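Welcome! Please take a look at the model below, and then we will walk through it together.

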Amino acid sequence: MLSVDHLFLHCPFALNLWHRLFLMRNVMWVVPNWCAHMPLVDFRVFGESKRAKMLSSCAVFATFWVLWME
């Protein structure tokens, strides 16, 4: 059965996209169980400044958007 969590996190296409995003920034990432946890994760992909945290959040939501459009 397909779910929102499968669509955005666990399907092979989504996993590949997430891993590529974090691989570009040399960040090790563990896939969360639920989509609801994604905004709560402090990725620090782009650094620790306020601007970097905003950019990280934008990257996460942009990835959700790309997955939704696919």
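The buried residues of helix H3 pack against helix H1 (4-10) and helix H2 (12-24). Here, buried means under 20% relative accessible area, exposed means over 50%, and partly exposed lies in between (1.4 Å probe, protein chains only). This is a predicted model, where local features need pLDDT of at least 70, side-chain atom pairs count only at pLDDT 80 or more, and totals for chains, interfaces and linings use all residues. Residues are numbered from 1 along each chain as its sequence is written, and side-chain values use heavy atoms, leaving out hydrogens and water.

**Helix H3**
- Helix H3 runs through residues 50-69, which makes 20 residues.
- From first C-alpha to last, H3 reaches 29 Å, close to the 28 Å expected at 1.5 Å a residue (1.5 Å times one less than the number of residues).
- Which residues of H3 are buried? They are Ala52, Ser56, Ala59, Val60, Thr63, Phe64 and Leu67.
- These residues sit on the same side of H3 because they cover an arc of only 130 degrees around the axis, taken from the directions from the helix axis to the C-beta atoms.
- Turned away from that buried side, another face of H3 carries the exposed residues Lys50, Arg51, Met54, Trp65, Trp68 and Met69.

**The whole protein**
- The protein has 3 helices and 0 strands (DSSP runs numbered from the N terminus: H or I, at least four residues, for helices; E, at least two, for strands).
- Of its 70 residues, 30% count as buried.
- Among contacts (heavy atoms within 4.5 Å) with a separation of 6 or more, 45% come from residues 24 or more positions apart.
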